[in-house]
Amino acid sequence: DYFRFSKSGYYPDLLLPVENGTVTLGDGVTVLWAEIDATENSVGTHNITVSVDELTAEVKAEIIDAELDFSDFLYTNWYHTDCLMTYYNFEAFSDEYWRVCENYLKTAREYGMNCVLTPLFTPALDTQIGKERPTVQLVDVKLTKGVYSFNFDKLTKWIEMARRCGVEYFECSHFYTQWGARHAPKIMATVNGEYKRIFGWETDSTSEEYLTFLRSVMRALVNHLKKRGVDHRCVFHIADEPHKEHLPTYKKGKRAVSGILKDYIVMDALSDFEFFKKGVVKSPIPCCDHIQPFIDAGVPGLWTYYCCGQNYKGSNRYHSMPSARNRSIGMQMYKYKLVGFAHWGFNYYQNESSYNPTNPFLDSCGEKWIPAGDAFTVYPAPDGSAYDSIRGAVFYDALQDMRAMQLAEELYSHDEVVKAIEEVLGFELRFDTCVYTSSEMLAVRERVNEMIKAAKA
């Protein structure tokens, strides 16, 4: 139930740019996706002519005299630069690396992303035990006679690149490995003139040698971020998706940096309420199908996420799901006053554990690892830019829905807006209830628009 497709095949998602304003229709089905840029257009109703061969249709688009504010909600979709290196075959930190990374980040920003996963060290994510992903470490480390020193030039260049793209927040990569916080991430350093790996899978996360390094680099990093004026635009991670049995290891790992990061947001994707209940994590990011206990507890500054496992009734953005189900997340986040959303796959073009690259145009499930569409929302263009997708564009619609609801709240109240939404839906809106048809979703937004128009009249 609540899926459009159940078999492998070719389905609409990839959005190729129109060349010279003309599309040549081939055999089979051609999908045309049009977006209207309202920034330079006047308030009121505009007539738009759409012509296909001999057929012409008139479409009306109304621009409301109101502007949406996108400043105080954080959206991160994990940005995997090593996947770009593998696909395009260039080296880390080459001129081509920086050019392509900036292209992709511009596209991410155009569709709502304002926070970027920043690889202080090669992210310890989706990596086969004992193996490693290509090095994308932004912090240069030197170890001389037992003393660490650090260079942040690459990180500075990364921050400047992001800000040129309009991305103002930085999600610092995790300090320990995924699913348990048992090991250190891959750390490369120059040791007495030799560039080599000094920590990794062989390093116990609670070893004093690694904790000494971690405290040293974090003190230097915080000072650098302060000088750049972005320290309070950063969020920090300990380890991704720990479970209840990992509490002792996670707690010890966090304790190593808690004093250094006491004035900053430290958050992780996790769904076991015990982490919050015991005060180990003050800023949890529960997945949307485990979020209710966190909502009931009134967790401040709450985020949510979804990925491959959130597929029953709630919102997600697989290829097989109707777009309305994708877009529902906006009104869900609005009702429960969330302040952030995270997803793991902006451009993950690899299989499980990252030991084999995949072709995103032919394989959207990581070699039958995950539901199709979970791993990425953009496709690699030949020129090093990113092709967008229907799923990415629709998720941006969800963010705009949320912003419109917040604007309506300024004119009415939160309770009144939620009541209006649920009157249209005919049921209580929760994270395990969403809409499955376009007509329902568009009716919700139309009601919100009408409320804004009425108050502005």
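Biologist: Which residues point one way from strand 17, which point the other way, and are they buried or exposed?

Modeller: Bear in mind that this is a predicted model. From strand 17, which covers residues 386–389, Ala 386 and Asp 388 point one way while Tyr 387 and Ser 389 point the other way, and all are buried.

Biologist: And which strands does strand 17 pair with?

Modeller: Strand 1, residues 14–15, pairs with strand 17 in the antiparallel sense over two bridges, and there Leu 15 has Asp 388 as its bridge partner. Strand 16, residues 379–380, also pairs with strand 17 in the antiparallel sense over two bridges, with Tyr 379 standing opposite Tyr 387.

Biologist: What lies between strand 16 and strand 17?

Modeller: The two strands form a hairpin with five residues between them, and in the turn Gly 384 has a positive phi of about 85°.

Biologist: Changing topic, what's the strand order in the open sheet with four strands?

Modeller: The order is 7-6-9-10, and the pairing is mixed. Strand 7 (147–151) and strand 10 (194–199) stand at the edges, and because each has a single partner strand, one side of each is left without a neighbour in the sheet. From one strand to the next, the twist averages 40°.

Biologist: How do strand 6 and strand 7 pair?

Modeller: Strand 6, residues 140–144, pairs with strand 7 in the antiparallel sense over five bridges, and Asp 140 stands opposite Asn 151 of strand 7.

Biologist: Which helix packs on that sheet?

Modeller: Helix 4, residues 208–228, packs on it, touching strand 6, strand 7, strand 9 (187–191) and strand 10, and the direction of helix 4 makes about 40° with that of strand 7.

Biologist: Now strand 12: how many of its residues are buried?

Modeller: Strand 12, residues 265–269, is mostly covered, with four of its five residues buried. Strand 11 (residues 234–236) runs parallel to strand 12 and is joined to it by two bridges, with Val 235 standing opposite Ile 265.

Biologist: What does the chain pass through from strand 11 to strand 12?

Modeller: The chain crosses through helix 5, residues 247–258, and this β-α-β crossover is right-handed. Strand 12 also pairs with strand 13 (residues 283–285), in the parallel sense over three bridges, and Asp 268 stands opposite Pro 284 of strand 13.

Biologist: Last one, Val 417: why does it count as buried or exposed?

Modeller: Val 417 counts as buried because its relative accessibility is 1%, against a cut-off of under 20%. Val 417 has its place in helix 11, residues 414–425.

Biologist: What does Val 417 touch, leaving out residues up to four places away in sequence?

Modeller: Val 417 touches Tyr 334, Met 405, Ala 408, Glu 409 and Met 451, with those sequence neighbours not counted. As for Leu 407, which is 10 residues from Val 417 along the chain, the C-alpha atoms of the two are separated by 9.9 Å.

Terms used. Residues are numbered from 1 along each chain as its sequence is written. This is a predicted model: local features need pLDDT of at least 70, side-chain atom pairs count only at pLDDT 80 or more; totals for chains, interfaces and linings use all residues. Side-chain values use heavy atoms; hydrogens and water are left out. Two strands pair if DSSP finds at least two bridges between them. Axes are lines fitted to C-alpha atoms, for helices over the stretch in contact, and angles run from 0 to 180 degrees between N-to-C directions. Contact means heavy atoms within 4.5 Å. Buried means under 20% relative accessible area, exposed over 50%, partly exposed in between (1.4 Å probe, protein chains only). A crossover is right-handed if, with the strands pointing away from the viewer, the path from the first strand over the helix to the second runs clockwise.
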